[in-house]
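Let us read a protein model together, one feature at a time.

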Amino acid sequence: MHHVFFWLKQPDDEKVKRDFREALIKLASVETVRFRHIGTPAATNREIIDTTYTFSLLVVFDDENGHDVYQTHPIHDEFREKYANWWTRVLIYDTK
């Protein structure tokens, strides 16, 4: 599993959020992705929960090779090149 959290520079701009969500959908179309979830912070209010991010992307692969294909895929490269300047922070958790 590859879980990525994004803090956008313009988190309140609806057009930016709509365009970024579409970009995440395209990113998750890489053929080795078996499951994807694109989310925003839930309306939970507990001290331990971080709700400061704008979007999260969770993608699941069959194996580590699927993850490696995703990381070097042209769609992934295009996403990073086009959208890296849209965020102030990215945090990634990879699990197996």
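The dialogue below moves from the sheet to the helices and then to the aromatic rings.

Q: What kind of model is this, and how are its residues numbered?
A: This is a predicted model, where local features need pLDDT of at least 70, side-chain atom pairs count only at pLDDT 80 or more, and totals for chains, interfaces and linings use all residues. Residues are numbered from 1 along each chain as its sequence is written, and side-chain values use heavy atoms, with hydrogens and water left out.

Q: How do I read the sheet, and what is the order of its strands?
A: Strands of a sheet pair through backbone hydrogen bonds, either parallel or antiparallel. Strands (E, at least two residues) and helices (H or I, at least four) are DSSP runs, numbered from the N terminus. Two strands pair if DSSP finds at least two bridges between them. Here, 4 strands form an open sheet in the order 2-3-1-4, with antiparallel pairing.

Q: Which strands stand at the edges?
A: Strand 2 (35-39) and strand 4 (87-94) do. Each has a single partner strand, so one side of each is left without a neighbour in the sheet. On average, neighbouring strands of this sheet are turned by 10 degrees against each other, direction ignored. For such angles, axes are lines fitted to C-alpha atoms, for helices over the stretch in contact, and angles run from 0 to 180 degrees between N-to-C directions.

Q: How many bridges join strand 1 to strand 4?
A: These two strands pair in the antiparallel sense over 7 bridges. Strand 2 and strand 3 pair in the antiparallel sense over 5 bridges. G39 stands opposite S56 in strand 3.

Q: Where does helix 2 lie?
A: Helix 2 (residues 64-71) lies across strand 1, strand 3 and strand 4 and runs at about 30 degrees to strand 1. Its buried residues are G66, H67 and Y70. They cover an arc of only 100 degrees around the axis, which puts them on the same side of helix 2. The arc is that of the directions from the helix axis to the C-beta atoms. E64 and N65 are exposed, on the face turned away from the buried side of helix 2.

Q: Which residues of helix 3 are buried?
A: They are I75, H76, F79 and Y83. Seen down the axis of helix 3, they fall within an arc of 100 degrees, so they line one face of the helix. P74 and E81 are exposed on the other side of helix 3. The buried residues of helix 3 pack against strand 1, helix 1, helix 2 and strand 4, where contact means heavy atoms within 4.5 Å.

Q: How do I describe a pair of aromatic rings, and how many pairs does the structure hold?
A: A pair of aromatic rings is described by the distance of the centres and the angle of the planes. Rings of Phe, Tyr and Trp (its six-membered ring) pair if their centres lie within 6.5 Å; planes under 30 degrees apart count as stacked, over 60 as edge-to-face and the rest as tilted. The structure holds 15 aromatic pairs. Take F20 and F79: their ring centres are 5.7 Å apart and their planes are at 55 degrees, so the pair is tilted. This pair links distant parts of the chain, with F20 in helix 1 (residues 14-27) and F79 in helix 3 (residues 74-83), 59 residues apart. F20 counts as buried at 0% relative accessibility, and F79 at 6%.

Q: Which residues form the aromatic cluster?
A: F6, F20, F55, F79, Y83, W86 and W87 form one cluster.

Key. Buried < 20%, exposed > 50% of the residue type's maximum accessible area, 1.4 Å probe, protein only.
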